[in-house]
Amino acid sequence: MEYVYTLLILIGLNMIMAASFNLIIGFGGLISVAHPIFFALSAYVSALANLHWGVPIPLAIAMGALFAVVMSVMLSLPSLRVSGDYLLIASIGFQLGFVEVIKNIEIAGGASGLSGIASLYSGEHRSLAFAFTVLVAAAGVVWLVHRLTHGEYGRAIQAMRDDEECFASLGRNAMAIKITIFGVGSGFAGLAGALYAHYFQFLSPDQFGIVQSSLILTMVVVGGMGTTAGPVVGSLLLTVLPQAITFLNLPPSVMAPLQGMLYTGLVLVFLFLRPAGLVGKTVRR
Amino acid sequence: MSASANPSAAIRVVNVRKHFGGIVVAEDINLEIAAGEILGLIGPNGAGKTTLFNLISGIHAPDGGEIFLRGQPLARLSVYRRARLGIARTWQNVRLFPTLSVLDNLLMGPRHYPGEELIAGLFQKGTRRAQAAQSLERAQAVLARLGLANAGAKTPGELPFGQQKLAALARTLMNDGEVLLLDEPMAGVEGQVYETIKQVVRDEAAAGRAVCVVEHNVSFIRDLCTRAVFMFNGRIEQTGTVEELLASDKLAELYFGGMK
């Protein structure tokens, strides 16, 4: 049962990551790879706030998510002000750079990782309670992203993605919308990161590399960019599928490349054959 | 033209200049458009007509000079702030939002769009709903006025080109601004759509807006404009009545290569 709970927790966390990344890249059209780093920054802040300052875990989780929002503004404000293209370049630097920074912070455990993080729940039903919490959080995030991207605000996001210059010429503040959705999306990534820290109780900087960016992107693309259900389907499929392969009992030297090929292959197949993803509809332009 | 303030001028462009590298796209531009006036902007391709629109609407920041809207300087304001003050424009190539319905395109057009204020929206749901209803009513009225009453639910791609032009004009009218900049409203348009656009331009000026039209269609300019400006190589070569300009040898030489 423990295995099933852990799988559900991973599905929930990935769902939060995919839904929030979809807000940024799918709905907002903001091309960034720095999503796992906000997960990581928040995970570390939350873990350390609890570990060293004794901040209660729920409050520490909120602090972590808030920290992710603040850091996202630090990335998006200067790079979006120049031009949207700079966001991608700056985000690569941000993603790679901060992983190195974490590796060199002694209080965060350095390259060997941070252990001894307190768990959000204790007792024999810890995993069940945690799975429930994560899935409720995931449902909440998916719902909030849906609310944000539909209705009046959603219409503005969509128009901005279609033609930003024209959008501005109508009196719309594109910059404010971009920074907002980038901040909200990164904050959700932070939420997932902090939850992760207080369940698995161990963090290692290598977990949050740029490979994670491609995994989350795969979930979004396969599910359907710019749709509400897409990241839900994508995260479910791409969390369960690699687990299913582990039942084949292949040696690790075959397993790792196989999973890599699976992700890359899926992205290529979908981009060529079904760019709208599993649930997306093709929009006539 | 003198740069001195004319009280009836809605918009005043003073000594505006813009270079892209070594290329002069606007040099020493001085221009006034009065409320209720329809000013024609003519000149060959590359003369700087659209660039002038881009300078007024804020797409390009001028290298020098100033632009005043009812005395308020605009040159340092961003595109969206100028639009919110009442600078409304269309584009040569339509530029409707392709994934939005025609009605939703119009709903993005008012100077004030409460939907983009996320935090405020959480606390004033009632006001917000009333504003949205008002906006929707106005958009439907504008669509009806331009003969697009049945096109609201369609996406721009589903409309013939003429109706796309009308929809783009309709979206610009949602701004309800003092200044209306129309970039080749007649290009690729004929028949009923042509007549509709002509009537709309006339009505908008009559309603007190300062209208400026870039247009190659001489009969359109002649029918609507009392005054016109001839641009060439980023400069204003001549200003006068349309008849004066059309009779000018200089214009004939620069525009038509000497043939009249």
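## Chain B: overall build

Let's start with how chain B is held together: among its contacts between residues at least 6 apart in sequence, 68% join residues at least 24 apart. Here, two residues are in contact if their C-beta atoms, placed from the backbone, lie within 7 Å. This is a predicted model, in which local features need pLDDT of at least 70 and side-chain atom pairs count only at pLDDT 80 or more, while totals for chains, interfaces and linings use all residues. Residues are numbered from 1 along each chain as its sequence is written, and chains are lettered from A and ligands numbered from 1 in the order in which they are written.

Chain B has 10 helices and 10 strands. Helices (H or I, at least four residues) and strands (E, at least two) are DSSP runs, numbered from the N terminus. The radius of gyration of chain B is 19 Å, close to the 18 Å that the globule rule gives for 260 residues, so chain B is as compact as a globular protein of that length. That radius is taken over C-alpha atoms, and the globule rule is 2.2 Å times the number of residues to the power 0.38. Along the principal axes, the C-alpha atoms of chain B fill a box of roughly 60 × 40 × 35 Å. Of the 260 residues, 44% count as buried, meaning that 20 or more other C-beta atoms lie within 10 Å of a residue's own, with C-beta atoms placed from the backbone.

## A four-stranded sheet in chain B

Now for a closer look at one sheet. It is open, has four strands in the order β2-β1-β4-β5 (chain B), and its pairing is antiparallel. Two strands pair if DSSP finds at least two bridges between them. The edges are β2 (23–34) and β5 (72–73) of chain B, each pairing on one side only.

Strand β1 (residues 9–20) of chain B is joined to β2(B) by eight bridges, and Val16(B) has Ile29(B) in β2(B) as its bridge partner. These two strands form a hairpin with two residues between them, and Gly21(B) in the turn has a positive phi of about 60°. β1(B) also pairs with β4(B), over five bridges; there, Arg17(B) is partnered with Gly64(B) in β4(B). Finally, two bridges join β4 (residues 64–69) of chain B to β5(B), where Leu69(B) stands opposite Gln72(B).

## Two domains in chain B

Which stretches make up the domains of chain B? Domain 1 covers 9–86 + 177–256, and domain 2 covers 97–161; such bounds come from an automatic or database domain assignment. Their C-alpha centres lie 27 Å apart. Seven residues of domain 1 of chain B are in contact with four residues of domain 2 of chain B. On the domain 1 side, α2 (79–85) and α7 (191–206) of chain B are the elements that give two or more residues.

Chain A comes to 11 helices and two strands. For its 285 residues, a compact globule would have a radius of gyration near 19 Å, and chain A agrees with 19 Å. Its C-alpha trace spans about 55 × 45 × 30 Å along the principal axes, and 49% of its residues count as buried.

How many residues does each chain bring to the contact? Chain A gives 21 residues and chain B gives 26. On the chain A side, α6 (151–162), α7 (164–169) and α8 (174–200) each give two or more residues, and α6(A) gives the most, with seven.

Conventions
Buried ≥ 20, exposed ≤ 12 C-beta atoms within 10 Å, placed from the backbone.
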